[in-house]
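Hello,

Here is the structure we talked about, with the sequence alongside. My notes on it follow below.

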Amino acid sequence: MDSPSRLARELAKELESEPSAEEFAKRCLNSMRWGGSAVLMVVDASFTSAGLSYFTAVVPRVLRFKEELVDSGMIRGLEDLASADEGLLLRYWRNRRSWSVAKGVASSLLRFGDDDRSRLRSWAAQSRLDGWRSDPVGSVKGVGLITYQYLRMMGGVDTAMPDRIVKKYVQAVGERAGVPVPRGDVEFVKFLESLRQYGVSPVAVTWLSWLKLSEGEEVLRRYGNLVNLL
């Protein structure tokens, strides 16, 4: 058995023990995170780019943004987000860089269709890992490879995020299976994408990593019926 297939077998076992990872992956690939709201997916990605804990820092603030600005109709879509007043936005997340990313990404996506979710999916379908910095979204100031990959995932591309949690988890499984895992970000993503031929989804592995190493299950229980938004 070659190395990739051996790792794929180990990751498949891990996924069987954490079925919620597959559910999150399905919503991600269908662009139904946050109820299918492209605005909230972009805001989520921009907050996540700050490097803080996803379940304890990002999710509560995205929920507040949703309840007070999106549900109220103050920000109805990507166009509103792109032109939103920074002073208003800073009340919900005090990080100018994150809002610069959110507004820049929202503006870039407007050229890809008529409705927001289709715009995100249309862009993602045309996006590529190689040469990502020249992509309309990848070229937005403040968008790094991790944010770029996260947005591609939420746009329906079965790929992975090379963040420290995902890399740590996959490398640990790789060590257990006796399989070397690439450390470079692009190489790591391509390696995980190669596992698709063995029936292992890179998006599912990304969620599996977060759930295993970020106290995901505890926080998910805390949010109860809001879990279906994530």
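**Salt bridges and backbone notes**

Glu-18 counts as buried, because its relative accessible area is 10%. This is a predicted model. Glu-18 forms a salt bridge with Lys-212, with 3.9 Å between the closest N and O atoms. The two residues come from distant parts of the chain, 194 residues apart: Glu-18 is in the loop between α1 and α2, and Lys-212 is in helix α12 (residues 202-213). Lys-212 is partly exposed at 34% relative accessible area.

The count of salt bridges comes to eleven. Two others among them are these:

- Glu-86 and Arg-96 meet through their side chains at 2.2 Å, N to O. Glu-86 is partly exposed, at 30%, while Arg-96 counts as exposed at 52% relative accessibility.
- Lys-13 and Glu-10 form a salt bridge at 3.7 Å, N to O. Both are in helix α1 (residues 3-17), and because they are three residues apart, about one helical turn separates them. Lys-13 is partly exposed at 46%, whereas Glu-10 counts as buried at 15% relative accessibility.

On the backbone, most residues other than glycine have a negative phi. Ser-31 has a positive phi near 55°, and Trp-34 has a positive phi of about 50°. Ser-31 lies in the loop between α2 (20-29) and α3 (38-48), and Trp-34 lies in the loop between α2 and α3. Ser-31 counts as buried at 0% relative accessibility, and Trp-34 counts as buried at 2%.

Regards

Notes. Residues numbered from 1 in each chain as written. Predicted model: local features only at pLDDT ≥ 70, side-chain atom pairs only at ≥ 80, totals over all residues. Heavy atoms only, no water. Helix = DSSP H or I, 4+ residues; strand = E, 2+ residues; numbered from the N terminus. Buried < 20%, exposed > 50% of the residue type's maximum accessible area, 1.4 Å probe, protein only. Salt bridge = Lys/Arg side-chain N within 4 Å of Asp/Glu carboxyl O.
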